[in-house]
Amino acid sequence: MFDGVCRLGEVPVEPTIICDELFMRLGDEDVLVLDCRDAMDWERFEIHIPGALRMTASEIARDLAMLPDDELIVLCGTTQDCMDIRRICRVLRLRGRNAVCLAGGLHAWVTGGYPTERHARAPSHAHR
C-alpha cells in the first residue's frame with residue numbers, strides 16, 4: 001500500500017510505493033513502470049522490472065504529454081533513497097500525473113528477490 005509521503009528524517013519527499021505493492025500490481029492496466037536509469041546504469045545492470053519501459057528523466061520531461069494521466073506511474077531509479085528520480089516525480093505530479101517513486105529503487109527490487117527481465121540486445125551487424 002502507498003505510504004503517502006515518504007520521510008527522510010523530517011523532510012517530506014515525493015510519494016513512494018514499496019516493492020510488495022508494486023509486485024502485486026505488476027501487469028495491471030492502470031500501472032506504468034518507467035525505468036529511469038541513465039545509459040551507464042542501464043548497461044551496467046542488464047536487468048529491469050518485468051514490463052518496465054526505459055525512459056530517462058530527460059526523455060520523460062520532453063515527452064510528458066505522451067504519458068497517461070489516468071494511470072499510476074511508478075518511477076524506478078538506481079539509488080536506494082530515490083534521489084535520482086525525485087525531481088522527475090515532482091515534475092510529473094505538478095503536471096497532473098499520479099507518479100510515485102519505487103522505494104529503494106532497483107536495488108530493493110533485486111535484493112527483495114522480485115522477478116526481473118534481461119534487456120533485449122540490439123542485433124549486431126557485421127561491417128562489410
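At 41% relative accessibility, Phe23 counts as partly exposed, whereas Tyr114, at 17%, counts as buried. In this predicted model, the two residues form an aromatic pair that is tilted, with 5.6 Å from centre to centre and 50° between the planes. Both values are given because a pair of aromatic rings is described by the distance of the centres and the angle of the planes.

Where do Phe23 and Tyr114 lie? Phe23 belongs to helix α1 (residues 19-25), while Tyr114 sits in the loop between α5 (105-111) and β9 (117-118), so the pair ties together parts that are 91 residues apart in sequence. The count of aromatic pairs comes to two, and Phe23, Trp109 and Tyr114 form one aromatic cluster.

## The chain and the confidence of the model

The protein chain contains five helices and nine strands, and, when read along the sequence, these elements follow the pattern β-β-β-α-β-α-β-β-α-β-α-β-α-β. Of the 128 residues in the chain, 41% are buried. Among the contacts in the protein chain with a separation of 6 or more, 63% are between residues 24 or more positions apart.

The average pLDDT of the protein chain is 85, and 84% of the residues score at least 70. Over residues 1-12, however, pLDDT stays under 50, and for this stretch the model has 22 contacts beyond four places in sequence.

Which residues is Ile73 in contact with, leaving aside its neighbours within four places in sequence? They are Leu32, Leu34, Leu67, Pro68, Leu92, Arg97, Asn98, Ala99 and Val100.

## Salt bridges

Side chains of opposite charge can pair when their charged atoms come close. The structure holds seven salt bridges, and one of these joins the side chains of Arg37 and Asp35, with 2.8 Å from N to O. Are Arg37 and Asp35 buried or exposed? Both residues are buried.

A salt bridge also joins Arg44 and Asp41, whose side chains meet at 2.4 Å, N to O. Both residues lie in helix α2 (residues 39-44), where they are three residues apart, about one turn of the helix. Arg44 is exposed, at 52% relative accessibility, while Asp41 is buried, with a relative accessible area of 10%. In another salt bridge, between Asp63 and Arg62, the closest N and O atoms are 3.0 Å apart, and Arg62 is exposed, with a relative accessible area of 59%. Salt bridges that share partners also join Arg25, Asp28 and Asp30 into one network.

## Cysteines without disulfides

How many disulfides does a search of the whole structure find? The search finds zero. For Cys19, the closest cysteine sulfur is that of Cys76, and because the two sulfur atoms are 8.2 Å apart, they are too far from each other for a bond. Cys36 is likewise in no disulfide, and the nearest cysteine sulfur, again that of Cys76, is 7.5 Å away.

Cys19 counts as buried, at 8% relative accessibility, and Cys36 is buried, with a relative accessible area of 9%.

Methods
Residues numbered from 1 in each chain as written. Predicted model: local features only at pLDDT ≥ 70, side-chain atom pairs only at ≥ 80, totals over all residues. Heavy atoms only, no water. Contact = heavy atoms within 4.5 Å. Salt bridge = Lys/Arg side-chain N within 4 Å of Asp/Glu carboxyl O. Buried < 20%, exposed > 50% of the residue type's maximum accessible area, 1.4 Å probe, protein only. Helix = DSSP H or I, 4+ residues; strand = E, 2+ residues; numbered from the N terminus. pLDDT = per-residue confidence, 0-100. Disulfide = S-S within 2.5 Å. Phe/Tyr/Trp six-rings, centres within 6.5 Å; stacked < 30°, edge-to-face > 60°.
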